[in-house]
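Here are some notes on the structure you asked me to look over. They are set out as numbered points, to be read with the coordinates open.

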Amino acid sequence: RTIIGKGEVKTYSGFMAALQAVINTQRGISGAGIRILTEPVSSPSLLEQIHQVLTDFPEAKWHQWDPVFGTVQGGAPDQHAIYSLKEADVIVALDANFLGEGPAQLRYSKDFGSRRRIDTTKTEQNRLYVAEPVPTITGAKAEHRLPVQAQLIHAVAASLASAVGVAGAQGGSLSETAAAWVKAAAADLAAHKGKSAVIAGPHQPAVVHALARAMNEALGNVGETVRYTAPVVASPVDGAASITELTQ
């Protein structure tokens with residue numbers, strides 16, 4: 001292993017000269033000794049450059065790690081969800097502070113708030129169910145808030161998925177309070193198929209995002225209150241496993 005960037009390399013030209021020597025050696029073995037470590041990347045140009053390096057050096061490996069960016073822990077979601085909250089009568093947030101953080105915060109706040117105004121006698125307000133480990137702005141707006149440890153959100157999501165009829169979903173062990181919350185949320189979701197939304201928070205692992213999507217599909221919400229696109233952040237690997245592999 002060769003580490004570029006020690007004290008003797010003091011200029012960019014010196015860095016490039018040292019790097020080129022290493023690259024010349026690696027070219028003969030298809031980059032078998034090259035490891036690239038980055039944070040999760042969303043820049044299309046940087047992604048293209050990294051993939052070009054990996055094409056030129058097929059034995060090289062790209063590792064991603066960020067201790068804060070939760071979706072690269074335990075696997076990354078392969079789809080990004082965009083919600084139309086104006087159309088949602090019932091919303092379930094699984095550790096998802098969508099009113100207080102995230103790139104769509106302002107849009108979601110405006111759309112959510114538009115369903116809290118009483119304009120006519122026929123106006124139906126939306127209802128919000130939140131399961132979260134710490135108090136948030138979103139939780140403060142919920143009619144039904146469940147305080148629960150972050151590590152138990154998966155069990156809550158699995159139980160809710162089972163209750164709304166997701167094939168193969170198996171509920172986890174829940175407290176009496178959590179089970180009652182799941183029962184109420186499931187009944188409300190089932191009564192508002194195509195007019196509801198299940199949102200998984202960015203700090204939850206891919207399995208919870210997969211359960212949220214399965215519920216949205218089972219409830220007929222996809223194409224109505226939620227649509228899925230390619231993820232903005234390219235996270236092809238489980239970050240925790242990736243940094244462990246690099247360390248080894």
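Predicted model: local features only at pLDDT ≥ 70, side-chain atom pairs only at ≥ 80, totals over all residues.

1. The secondary structure of the protein chain comes to 8 helices and 8 strands. Its radius of gyration is 23 Å, whereas the globule rule gives 18 Å for 248 residues, so the chain is more spread out than a compact globule. Along the principal axes, the C-alpha atoms fill a box of roughly 75 × 40 × 30 Å.

2. Of the 248 residues in the protein chain, 38% are buried, and the accessible surface comes to about 13,600 Å², with 55% of that area belonging to carbon and sulfur atoms. When contacts between residues at least 6 apart in sequence are considered, 68% of them join residues at least 24 apart.

3. As for charge, the protein chain carries 21 positive and 22 negative side chains, and the centres of these two sets lie 3 Å apart.

4. Helix α5, which spans residues 153-163, deserves a look of its own, being mostly covered, with 8 of its 11 residues buried. The buried residues are Ile-153, the run Ala-155, Val-156, Ala-157, Ala-158, and then Ser-159, Leu-160 and Ala-161.

5. Which elements cover the buried residues of α5? The cover includes the strands β4 (90-94), β5 (127-132) and β6 (144-147), together with the helices α6 (176-190) and α7 (206-218). After α5 comes Gly-165, which has a positive phi, near 95°.

Conventions: Residues numbered from 1 in each chain as written. Heavy atoms only, no water. Buried < 20%, exposed > 50% of the residue type's maximum accessible area, 1.4 Å probe, protein only. Helix = DSSP H or I, 4+ residues; strand = E, 2+ residues; numbered from the N terminus. Contact = heavy atoms within 4.5 Å. Rg over C-alpha atoms; globule rule 2.2 N^0.38 Å. Areas by Shrake-Rupley, 256 points an atom, 1.4 Å probe, with all protein chains shown as cover. Lys, Arg positive; Asp, Glu negative; His and termini not counted. Charge placed at Lys NZ, Arg CZ, Asp CG, Glu CD.
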